[in-house]
Amino acid sequence: MTWKHKHLLGLQDLSRQDIELILETAKSFKEVSSRDIKKVPALRGKTVVTLFFEASTRTRISFELAAKRLSADTLNIASNVSSTSKGETLLDTARNIEAMNVDAMVVRHSLSGSVFILAEGLKCSIVNAGDGCREHPTQALLDMFTLQEKFGRIEGLKIGIIGDILHSRVARSNIWGLTKLGARVTVCGPSTLMPRGIEQMGVEVCYDLKKVLKDSDAVIALRLQKERQQDKFLPSMREYSRLFGINQAKLNEASSHLIVMHPGPTNRGVELSADVADGKQSVILEQVTNGVAVRMAVLYLVLGTKTE
Amino acid sequence: MSLVKVMDQEAIRRSIQRMAHEILEKDKDAKKLALVGIRTRGVVLAQRLTAAIKAIEGVDVPMGILDITLYRDDLTLVATKPVVRQTSIDFDISGMKIILVDDVFFTGRTIRAALDALVDFGRPAVIQLAVLVDRGHRELPIRADFVGKNIPTSKEQNVQVILDESDGKADEVIVED
């Protein structure tokens, strides 16, 4: 099994073997993060830049820690301080950063597909940390890693993805990844937030949360992106929470081995009630721990392929 | 291409047995002793040495597994990254006498990487090296403390250690031209 990709732009472009290699590699890196000395020299002398045009704490810190634990040097650039606020284009900003001999750029941008522009226009490796509503591959990979840890496999698992599917890059990446690895995915959410033709991605659609909870091994609750709700997709937050929010009463009707995941940040009381978010079935913090391991694996693999 | 069998199952068994005796001869009560096998075949050899030590002295010596991939000095030179596998050392190595175990001792670069990896886990009192085959051609000032067999080779030759547990075939050591 060898890795042949210079970039990680999405799980759509990866094969099942690629995804399995990342998950396998991440196991070793999880062990590294559990040591007293949490650092290995694998990427010594490499420079990794995080270039974020959208707010993020968890993902950016996770990537930064991942790079640092591999001994790479890191640099963080946030959009509000970058030159794009002075009118520079995305590609120009990135090219200028690259001109300082950067080896990899971890990019988050509000435009779907923006990472492709960078991958084509730059020589360094690009890792997608979320592009618009399209993909957020490392989030899906850490979700899959967590599932594999919990169940020992992904093949045959029944996974529910709950919430705003329309705007969710996490949902899309998870659908690509999980279906490639043989899981059965059901998406559930308000019909206004359900993309038309989503079934073509190989998933089932169900509008009844209780049924999904009952039928699933794990559910991924998505964050309701309040910043993307200005177009009146929902009558009210309260109604959303009543129909699609997960609380302990609804969980009690489902199997006790069901696990609840969330990519964060959680709107407590909206998609998850506080007792569920902090409850026994929640693996939210384990997901965060696994995120560093998965991102270490991605950086290690992506920076390994020779750039022609 | 010619293949020469330089050690068979019995020779390997006797070598491991002798090395276990030598290790115990130098460290009688084996109280602070621990073995760390370097993936892949060093692990198998470390398991066999641990079992032999148990059979001789009745002591359970802790054993760890080391994957040195992330510490290699040629990571930036190879075209595709080698597959990383897990390291597992579930005891504190600080103050211990650690014996690193590997199958073939060649340039010494694997051992250098292993030393770097090991000190990230703590500060052992002593680190020693046990190898099944020493084929010469060192590129670094490193030597082995316990050697199963010295096999003179040319640099171009390939030495292959086959072990039942890792390869699913009868034990042997082969020199390939």
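Predicted model: local features only at pLDDT ≥ 70, side-chain atom pairs only at ≥ 80, totals over all residues.
A residue is called buried here if 20 or more other C-beta atoms lie within 10 Å of its own. The buried residues are A:Arg169, A:Val170, A:Ala171, A:Arg172, A:Ser173, A:Asn174, A:Ile175, A:Trp176, A:Gly177, A:Leu178 and A:Lys180.

What do the buried residues of α6(A) pack against? Their partners in chain A are the helices α1 and α5 (137-151), together with the strands β4 (125-131), β5 (158-162), β6 (184-188) and β8 (218-221). Just after the helix, A:Gly182 adopts a positive phi of about 90 degrees.

On the α1(A) side, the contact is made by A:Ile22, A:Thr25, A:Ala26, A:Phe29, A:Lys30 and A:Ser33. From α11(A) come A:Asn290, A:Val292, A:Ala293, A:Val294, A:Met296, A:Ala297, A:Val298, A:Tyr300 and A:Leu301. Sorted by class, the residues of this contact are eleven nonpolar, three polar and one charged.

Helix α11(A) has a further meeting, with helix α2 of chain A (residues 58-69). Here the axes come within 8 Å and cross at roughly 55 degrees, so α2(A) is oblique to α11(A). The crossing of α2(A) and α11(A) is right-handed. Helix α2(A) brings A:Arg58, A:Ser62, A:Phe63, A:Leu65, A:Ala66, A:Ala67 and A:Arg69 to the contact, while α11(A) brings A:Val288, A:Gly291, A:Val292, A:Arg295, A:Met296 and A:Leu299. Eight of the residues in this contact are nonpolar, two are polar and three are charged. A:Val292 and A:Met296 of α11(A) take part in the contact with α1(A) and in the contact with α2(A).

Finally, the model includes a contact between chains, to which chain A gives 17 residues and chain B gives 15 residues. On the side of chain B that touches chain A, seven residues are nonpolar, four are polar and four are charged.

Conventions. Residues numbered from 1 in each chain as written. Chains lettered and ligands numbered in written order. Contact = placed C-beta atoms within 7 Å. Helix = DSSP H or I, 4+ residues; strand = E, 2+ residues; numbered from the N terminus. Nonpolar A, V, L, I, M, F, W, Y, C, P; charged D, E, K, R; others polar. Buried ≥ 20, exposed ≤ 12 C-beta atoms within 10 Å, placed from the backbone. Axes fitted to C-alpha atoms, helices over the stretch in contact; angles between N-to-C directions. Parallel < 35°, antiparallel > 145°, perpendicular 65-115°, else oblique. Left-handed = near helix turned anticlockwise from the far one by under 90°.
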